[in-house]
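Here are my notes on the model. Please read them beside the coordinates.

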Amino acid sequence: MPVIDIIFRVDEICKKYDKYDVDKHRELGASGDDAFSRLFTSIDSDIEAVLRKAELASTETNRAAAVAMNAEVRRTKARLAEDVVKLQKLAVKKVKGLTREERESRCDLVIALADRIQDVPDGNEHAAKQVNNDWGGASAPNKNIKFDMSEEDMDDGFFQESEESSQFRQEYEMRKKKQDEGLDVISEGLDALKNLARDMNEELDKQVPLMEEMETKVDGATSDLRNTNVRLKKQLVQMRSSRNFCIDIVLLCVILGIVSYIYNALK
Amino acid sequence: MSSDPDKMMSKADKMTKLTLTRWSADWRGATELYEQAANGFRASNKYEKAKVALEKASKGQEMQASPWDAAKHMESAAALAQKLSIWNEVADFYRKASELYTECGRAQPASDALGKAARALEDVKPDDAIQLYTDACEILEEDGRDQMAFDLYRACANVYIKLEKFTDAATFFLRLGVAADKCDATNSQCKAYLSAIIVYLYAHDLKQAEKCYNDCSQIDAFLKSDQSRSATRLLTAYNEGDIEEIKKVASSSTVSNLDHSIIKLARKLPTGDVTPIQMNTNDDLDEDDLT
C-alpha cells in the first residue's frame with residue numbers, strides 16, 4: 001500500500017476518534033483566549049462543514065438538489081472569504097504574550113485558510129481540476145475510504161473509558177513522569193560537563209602562549225647543546241689522535257730508557 | 001673556608017667594607033660567603049640571621065649586575081620574613097624582588113612575586129594586599145599577558161568581599177570582564193559579569209544590579225550565554241518577590257560553577273526583604289483598536 005494511502009487512512013481514523021485526542025482538546029481550550037484564535041477555530045469548523053456539504057453535493061444524484069447545494073456552498077465560501085479578511089487584520093495585531101514568530105505564523109495560517117476556502121469544490125470543473133492536480137487534494141481519496149463498522153455498533157457505551165484503559169493511561173503518565181525526571185538528571189549532568197569543558201578550554205588557551213615560549217627557549221638550548229657537543233668531539237679527537245698517542249709512547253720509552261740507564265749506572 | 005655561618009658573615013662584611021687597604025669591595029667573594037652563611041643559618045633554624053644574610057647576598061648580586069639572582073635572594077628573604085611574621089618587611093622585600101625581575105624584563109615572575117606578597121598579607125593587612133594585587137595585575141596587563149591576571153583579579157575581589165566592600169568587589173569583577181574580553185575568554189567574561197551582579201544583589205542594591213545587567217547585555221557574548229539567562233531569572237525573581245525562584249537559581253549549575261565565595265553569597269540570597277515591584281504594562285494598544 002503506498003504511503004500516501006496510509007496517511008489518508010490515518011487522518012480519517014484520527015478525525016473519527018477526534019474526541020479522544022486529549023492534547024488537541026487542551027490546545028483548543030487553551031487557545032480560546034484571544035479573538036484571533038476564536039475566529040480561527042470558528043472559520044476552521046465552518047470550512048469543515050462546507051467541505052462535507054460539497055462532498056454530499058458531488059455524490060448527489062438529483063441534479064436540482066446538487067445545483068442547490070453547490071449554490072449554498074458558493075455562498076458560504078464567499079462569507080468565509082470575508083471572515084478571512086477580518087482574521088488577517090486580527091493576525092497583524094499585537095497580542096500580549098505572543099512572540100513575533102507566532103504572529104508571523106498566524107499570517108501564514110490565514111493565507112493557508114484562504115487557500116483552503118478557494119479549494120473547496122463548488123461544482124466548478126476548473127476548481128476540481130486544480131484539486132486533482134495537487135497530490136495533496138484531500139477530497140479525492142476521501143471517497144475511497146469507508147469504515148466497515150456501522151453506526152449502530154457505536155453506542156454510548158462503546159466510547160466509555162474502561163478500567164483497563166484508565167489504568168493504561170495512568171501507567172503511561174507515570175512512565176512519562178519518570179522519563180522526564182531521568183532526563184532532568186541527565187541534563188544537569190550535561191550542564192556540569194559543559195561548564196567543566198569550557199573552563200578546561202580556557203585554561204588550555206592560557207597555556208598555549210606559554211608553551212610557545214618554552215618551545216623557542218628549548219629550541220635555542222638544543223642548538224647550543226649540539227654546537228657544544230660537536231666542538232667537544234672535535235677537541236677530543238684532536239687530543240686522542242693516533243699521532244699524539246705514538247709520540248707519547250715513544251717519549252715514555254725514552255724516559256724509561258734514561259731512568260734505567262741512570263739506575264744501572266748508580267748500581 | 002670556615003663552616004661557622006657567623007664567621008662567614010663577618011668575613012664577608014669585612015670584604016665589602018672599604019678601608020685604607022681595600023680600595024674596591026670584593027662583591028663576588030662576599031656574595032658567595034653570604035649565600036653560604038644563609039644556608040648555614042637556615043639549616044640551624046636561625047631565620048632572622050638567615051634573612052639578613054640573604055638580604056646582603058641579594059645586594060651583592062645586584063652590585064654584580066645580575067638582577068635575576070638578586071631577585072631570587074630577595075624572594076627567599078621575603079619568605080623567611082613571612083615565617084617570622086614581619087609583615088612590612090615581607091611587602092618591601094617582595095616589591096624589591098618584583099622590581100628586580102622587571103629589570104630583567106620578565107614580567108611574569110615580577111607579578112608572581114607581588115601575588116605571593118599579597119597572598120601573605122591577605123589576612124593581616126588586607127588593604128596592602130589589595131594594592132599589591134592591583135600592581136601585579138597592572139604589570140601583567142602592560143606586558144600583554146592578561147590571561148594570567150584573571151586569578152589575581154579574582155583573589156583581589158575575594159579580599160574585598162571578605163572586607164564587605166561590595167561595590168569594590170563588583171568593580172574588580174568588571175575589570176576581570178574587560179581583561180577577558182581582550183583575550184576572547186568569553187566563559188570567564190560571562191562568569192565575571194554574573195559574579196558582579198550577584199555581589200550587587202547580595203548588597204541588596206537592586207538598582208545597581210539591574211544597571212550592571214543592562215550594561216553587560218551590550219556585549220553579545222554575555223547576552224547569548226547561560227550566565228545571562230541565570231541573571232535574568234534572578235532579577236525577575238527579585239522583581240516579583242519570588243524567594244523560591246531565587247533559591248532555585250542560586251543552586252543551579254551555572255551559579256555553582258563560579259568562585260566559592262560567590263557561591264556562598266548566592267546561597268545566602270535574598271538578603272533583606274524582597275517585595276514585588278509593580279511591572280509596567282508595555283501594552284498601550286487596545287485590543288479592539290484595529291487601526
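**Notes on the predicted model**

1. B:S98 counts as buried because its relative accessibility is 4%. Buried means under 20% relative accessible area, exposed over 50%, and partly exposed in between (1.4 Å probe, protein chains only). The residue B:S98 sits in helix 5 of chain B. Helices here are DSSP runs of H or I with at least four residues, strands are runs of E with at least two, and both are numbered from the N terminus. Leaving out residues up to four places away in sequence, B:S98 touches B:A110, B:A113, B:L114 and B:I139. Contact means heavy atoms within 4.5 Å.

2. Ground rules. This is a predicted model, where local features need pLDDT of at least 70, side-chain atom pairs count only at pLDDT 80 or more, and totals for chains, interfaces and linings use all residues. Residues are numbered from 1 along each chain as its sequence is written, chains are lettered from A and ligands numbered from 1 in the order in which they are written, and side-chain values use heavy atoms, with hydrogens and water left out.

3. Helix pair. How do helix 5 (residues 87-104) and helix 6 (residues 107-121) of chain B cross? Their axes come within 7 Å and cross at roughly 170°. Helix 5 of chain B is therefore roughly antiparallel to helix 6 of chain B. Axes are lines fitted to C-alpha atoms, for helices over the stretch in contact, and angles run from 0 to 180 degrees between N-to-C directions. Under 35 degrees counts as roughly parallel, over 145 as roughly antiparallel, 65 to 115 as roughly perpendicular, and the rest as oblique. On the helix 5 side, the contacting residues include B:W87, B:Y94 and B:S98; on the helix 6 side, they include B:P109, B:A113 and B:L121.

4. B:S230 lies in helix 13 (residues 226-240) of chain B. B:S230 is buried, because its relative accessible area is 5%. Not counting residues up to four places away in sequence, B:S230 touches B:L194, B:V249 and B:T254. B:L194 is 36 residues from B:S230 along the chain, yet their C-alpha atoms are separated by 8.1 Å.

5. Cores. The largest nonpolar core has 95 residues. Among those with the most contacts inside it are B:I161, B:F173 and B:I198. Such a core is a set of buried Ala, Val, Leu, Ile, Met, Phe, Trp, Tyr and Cys residues joined through side-chain atoms within 4.5 Å. Another core, of 17 residues, lies apart from it and includes A:L80 and A:V120.

6. Backbone check. Most residues other than glycine have a negative phi. B:E164 has a positive phi of about 65°, in the loop between helix 8 (146-162) and helix 9 (166-182) of chain B. B:D184 has a positive phi of about 60°, in the loop between helix 9 and helix 10 (186-202) of chain B. B:E164 is exposed at 58% relative accessible area, and B:D184 is exposed at 65%.

7. Chain B overall. The chain has 16 helices and zero strands. Of its 291 residues, 47% count as buried.

8. Confidence in chain A. The average pLDDT (the predictor's confidence in each residue, from 0 to 100) is 81 for chain A. Over residues 126-141 of chain A the pLDDT is below 50.
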